[in-house]
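Welcome, and thanks for taking a look at this one with us.

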Amino acid sequence: MTDTLRLRATAAFVREHDAATLLPFLLPELDGLETRALAERCRFAHAALVVFPPDHVTLRAELTAAGLAPDGAPRPSVVVRDRLAERHRRRAQTLDVTILRPPVTGPDGARRTVEVFVLPVPPGSDLADLASHERAHEDEAHVAFAVDNPDPLVLHGLRTILLRRGAVPDGGGYNPHEDGTVFYFATPTAKVRYQRLELYVPGDHRDVLDVHLAAPDSGQPAERLLRLLTGAWTTQALAAAAELGVPDAMDTRADIGVEDLARATGTHPDSLGRLLRYLAMLDVVAPGPGGFRLTELGALLRAGEPHSMRPLALMYAGPFYRSFAQLGHSVRTGRDAFEHTFGAHHFAYFARHPELADLFDRSMAASSRMFGPVPAHPVFDTARRVVDIAGGTGGLLGHVLTAHPHLTGVLLERPHVLARARDALAAAGCGERCSYVAGDFADVPDDGDVYVLARILHDWDDDRCREILRHCAAAMREDASLLIVERVLPADGAASLATAWDLHMLCNVGGRERTLAHYARLLEDTGLTLADHRPLPLGASLLHARRAAPTG
């Protein structure tokens with residue numbers, strides 16, 4: 001492709017994209033909160049390429065043909081010049097690389113640029129092979145995001161998000177001619193033609209750059225492993241913040257100083273400041289001129305927030321944290337580490353410790369957002385009675401009954417759970433339409449139209465699952481339905497929340513997550529058949545099963 005065509009394509013790309021739409025294509029693993037956090041702090045500034053005109057007259061003609069007009073005189077390039085020199089084993093001083101930034105208007109009307117690195121290659125130059133290679137491989141082509149209000153904590157936090165979602169450190173440098181620092185990342189999973197991302201930060205940030213350059217290809221595996229090894233610190237930092245009430249004392253719209261926050265939470269100011277710096281790297285809090293503010297992510301740790309995940313933080317950093325330290329026992333023996341650590345299966349142990357039972361129930365409720373789409377399943381439209389088997393304190397049952405006023409519900413649970421469930425369902429306004437059965441899986445009522453098993457089967461091995469499903473099948477009429485809520489393992493081994501939870505079930509419960517085919521086999525073994533399935537939030541799935549048609 002000629003340099004003119006490459007310039008046109010680059011200009012068109014810049015005109016069509018903004019940060020919020022481009023970031024998910026560069027890093028497909030980003031979730032919505034991370035995309036929003038990056039887009040709030042980084043604006044899409046330019047896309048870059050290197051061109052190799054024979055002279056400056058030709059360069060002007062190529063720019064004009066691409067609809068681009070240089071804005072200002074060319075400036076010397078340091079970073080790209082040095083990268084070209086290293087890659088092609090040239091002396092940097094022999095490469096006269098300059099930068100032009102013709103302006104382009106983005107889809108939102110914002111001013112952006114095409115960053116054009118220019119290395120003249122006259123006819124007969126010994127740089128012809130270099131130019132041919134670079135045009136073919138586009139090693140310096142990248143998209144850039146500018147960080148307008150740089151702060152070391154913010155820069156570390158942005159790097160953390162990018163690295164966590166698949167970006168790989170790929171060099172960078174400080175350009176004294178522009179007083180700007182660049183951080184390059186490779187984006188090998190990008191779904192656009194650009195496989196490199198640049199963070200451009202005005203000013204001298206060589207302290208952060210030193211950290212970035214210490215994690216190139218030679219050191220990157222070690223740093224990645226080190227970050228993985230310190231994952232336990234993240235769990236404890238989040239739980240400490242939740243336990244101390246730090247998110248509850250903060251605002252998402254205004255900064256609070258560390259001294260004021262320490263007084264509000266009864267904590268040591270210097271130590272609290274160090275915790276906040278770490279939380280800023282996780283985008284739980286954000287630094288500002290007046291101290292720190294809470295982010296949307298951090299607000300999920302507030303005690304009074306709808307769907308608060310504070311109980312999960314306390315549970316994962318508490319009893320489950322202790323038992324996960326014995327994961328090796330589970331891998332060696334196939335037995336759960338929780339019982340090895342605490343002397344009893346976690347259901348029995350929590351039953352003997354009411355404060356932990358309450359925390360467990362609240363931690364289960366913290367993930368109840370996965371139930372949001374369940375009432376939309378068409379089986380409820382013609383049903384009259386819903387039976388929630390081992391439904392905890394009735395969170396899902398209440399959600400279904402609220403969405404369908406014509407339904408009545410039955411909650412089957414252990415006696416010590418039912419007392420809390422009555423209060424919860426009464427508070428939800430569904431108590432008068434519910435009845436309660438104290439019992440076990442063998443006591444499934446036989447008068448339901450829809451039966452629900454939500455996050456139950458993953459607690460048990462296959463034999464116990466078959467036993468539970470047989471009890472359900474025996475209670476179900478021929479026209480009844482069974483809905484199963486579980487995290488389903490991807491058949492292709494792709495990364496998923498279910499993969500992490502599978503290890504959690506091994507370690508803390510003695511159960512397992514399963515593939516869809518595995519669930520289909522369990523259903524078939526017990527006289528049921530999988531009718532359909534659909535995705536739910538938080539990596540869960542809703543499986544719909546019916547009685548199998550009689551054979552013969």
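A crossover is called right-handed if, with the strands pointing away from the viewer, the path from the first strand over the helix to the second runs clockwise. Keep that in mind for the unit described below, and note that the model is predicted.

**The β-α-β unit**
- Strand β15, helix α22 and strand β16 form a β-α-β unit that is right-handed.
- Helix α22 covers residues 462–475, while β15 spans residues 450–454 and β16 spans residues 481–486.

**Partners of β16**
- With β15, strand β16 pairs in the parallel sense, and five bridges connect the two.
- Strand β20 (residues 541–547) runs antiparallel to β16, and six bridges join them.
- Here L483 has H544 in β20 as its bridge partner.

**Cover of β16**
- How many of the residues of β16 are buried? Six of its six residues are, so to speak, under cover: the strand is mostly covered.
- In a regular strand, side chains alternate between the two faces of the sheet.
- In β16, S481, L483 and V485 point one way, whereas L482, I484 and E486 point the other way.
- Residues on both sides of β16 are buried, E486 among them.

**A nonpolar spot on the surface**
- L225, L226, L228 and L229 make a nonpolar surface patch of about 450 Å².
- One of these, L226, lies in helix α9, which covers residues 220–229.
- Is L226 buried or exposed? L226 counts as exposed because its relative accessibility is 52%, and the cut-off for exposed is over 50%.

Methods
Residues are numbered from 1 along each chain as its sequence is written. This is a predicted model: local features need pLDDT of at least 70, side-chain atom pairs count only at pLDDT 80 or more; totals for chains, interfaces and linings use all residues. Side-chain values use heavy atoms; hydrogens and water are left out. Patches are made of residues with over 30% relative accessible area and no salt bridge: like charges are joined within 9 Å, nonpolar side chains (Val, Leu, Ile, Met, Phe, Trp, Tyr) within 5 Å. Accessible areas come from the Shrake-Rupley method with a 1.4 Å probe; for residues, only the protein chains shown count as cover. A salt bridge is a side-chain nitrogen of Lys or Arg within 4 Å of a carboxyl oxygen of Asp or Glu. Helices (H or I, at least four residues) and strands (E, at least two) are DSSP runs, numbered from the N terminus. Buried means under 20% relative accessible area, exposed over 50%, partly exposed in between (1.4 Å probe, protein chains only). Two strands pair if DSSP finds at least two bridges between them.
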